[in-house]
Structures are given as C-alpha cells and as structure tokens.
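Subject: Structure handover

Hello,

Here is the structure I promised to pass on. Please open it alongside this email.

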Amino acid sequence: MLCLPLSPCLWQQISLGDLTLLCTLRAAMTTLQHLHDSYLLSTLLAILLDLGPFLQQVSPYCCERIVVLTVRLCRRYTKLMEGITDTASGGGGGVGSGGESRLQDMGECLKVLLALIATSVRYTV
C-alpha cells in the first residue's frame, strides 16, 4: 500500500505529474530495497528518465523527495562500496555476489536520479 505523508493542503498543490513522479520514485526505491528485481527497476528508471524533460513547476515536496532519496542512496552506495572494498582487502565479513549486484543496481539508480535532476533543471531554467 502506498502511503504518502501529505497534509490536505499539499494535496491541492500537487499536480498529476508530481504524483506520477512520486509514485514511480516510491516503486523504484521499494524494488531496490526489498524486491531486488533488476528488470522492474530498469523499467521504473526508464520511466523516470522519460519524465525528466517534461518536468515543469514541480512542487517543493516532490523536489525534496528527489533530493532526499538521492542523498540516502549515495550514503548506502558508499557504505556498500566500503564493505566490498574491505572484503577485497581481506577484512572478512564479506558482502558476497548479492552485494555486488545490489551495488550495480544502486549505481544505476543514482545515475538516473542525478540525470533526472540535471534534465529537469536544464529544461526549466
């Protein structure tokens, strides 16, 4: 179940494009964290990339969610990368092949989120 923590006054300020973006972001993050389905993740990321050039007058809440998710994903990517580096140097407590595929998925998601931010800023300025 999708639960967006929005007050009733924010619902009036959100457009259909913002809602589409928020739902797609939520689905991508759920897929990345819990489902680990690379095909579904790549499809959702393609949707985000296709939406990028058409984003105009995005609500502040939606912008905040994009930035917060990007920062959160950067932190997780860095921690996972440090874990793989420690394993490679013989530190023990390995991450395994699942960690490397998660690292690849997170990297792809980060690239798309940063491209989304760059495209929407470029087209709206």
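What follows is a short tour of what was found.

First, the ground rules. This is a predicted model, in which local features need pLDDT of at least 70, side-chain atom pairs count only at pLDDT 80 or more, and totals for chains, interfaces and linings use all residues. Residues are numbered from 1 along each chain as its sequence is written, and side-chain values use heavy atoms, with hydrogens and water left out.

**Overall picture**

The chain has 5 helices and 0 strands. Helices here are DSSP runs of H or I with at least four residues, strands are runs of E with at least two, and both are numbered from the N terminus. From that end, the order of elements is α-α-α-α-α. The chain holds 125 residues, and 31% of them are buried. Buried means under 20% relative accessible area, exposed means over 50%, and partly exposed lies in between (1.4 Å probe, protein chains only). Now take contacts between residues at least 6 apart in sequence: 67% of these join residues at least 24 apart. A contact means heavy atoms within 4.5 Å.

**Helix 2**

Start with helix 2, residues 16-35. Its 20 residues should span 28 Å at 1.5 Å a residue, and its end C-alpha atoms are 26 Å apart, which agrees. The expected span is 1.5 Å times one less than the number of residues. Buried residues in helix 2 are D18, L21, L22, T24, L25, A28, M29, T31 and L32.

**Helix 2 against helix 3**

Helix 3 covers residues 38-51. Helix 2 packs on helix 3 at about 155°, with the axes 9 Å apart. That makes the two helices roughly antiparallel. Axes are lines fitted to C-alpha atoms, for helices over the stretch in contact, and angles run from 0 to 180 degrees between N-to-C directions. Angles under 35 degrees count as roughly parallel, over 145 as roughly antiparallel, 65 to 115 as roughly perpendicular, and the rest as oblique.

The crossing of helix 2 with helix 3 is left-handed. Left-handed means that the near helix is turned anticlockwise from the far one by less than a right angle; clockwise would be right-handed. Helix 2 brings T20, L21, T24, L25, A27, A28, T31, L32 and L35 to this contact, and helix 3 brings L40, L41, L44, I47, L48 and L51. By class, that is 12 nonpolar, 3 polar and no charged residues. Ala, Val, Leu, Ile, Met, Phe, Trp, Tyr, Cys and Pro count as nonpolar, Asp, Glu, Lys and Arg as charged, and the others, Gly among them, as polar.

**Helix 2 against helix 4**

Helix 4 covers residues 60-88. The axes of helix 2 and helix 4 come within 10 Å and cross at roughly 20°. So helix 2 is roughly parallel to helix 4. This crossing is left-handed. D18, L21, L22, L25, M29, L32 and Q33 of helix 2 meet Y61, C62, R65, I66, L69, L73 and R76 of helix 4. The residues of this contact divide into 10 nonpolar, 1 polar and 3 charged.

Helix 4 has 29 residues and reaches 42 Å from first C-alpha to last, close to the expected 42 Å. Its buried residues are Y61, C62, I66, L69, T70, L73, L80 and I84.

**Loops**

Most residues other than glycine have a negative phi. Two residues here are worth a look.

- H36 follows helix 2 and has a positive phi, near 55°. H36 lies in the loop between helix 2 and helix 3. At 44% relative accessibility, H36 is partly exposed.
- Q57 has a positive phi near 50°. Q57 lies in the loop between helix 3 and helix 4. Q57 is exposed, at 77% relative accessible area.

Just after helix 4, G90 also takes a positive phi, about 90°.

**Links across the sequence**

D37 sits in the loop between helix 2 and helix 3. D37 is partly exposed, at 34%. D37 and D105 are 68 residues apart along the chain, yet their C-alpha atoms are separated by 9.3 Å.

T119 is in helix 5, residues 97-124. T119 is buried, at 13% relative accessibility. What does T119 touch, leaving aside its neighbours within four places in sequence? T119 is in contact with G52 and P53.

Best wishes
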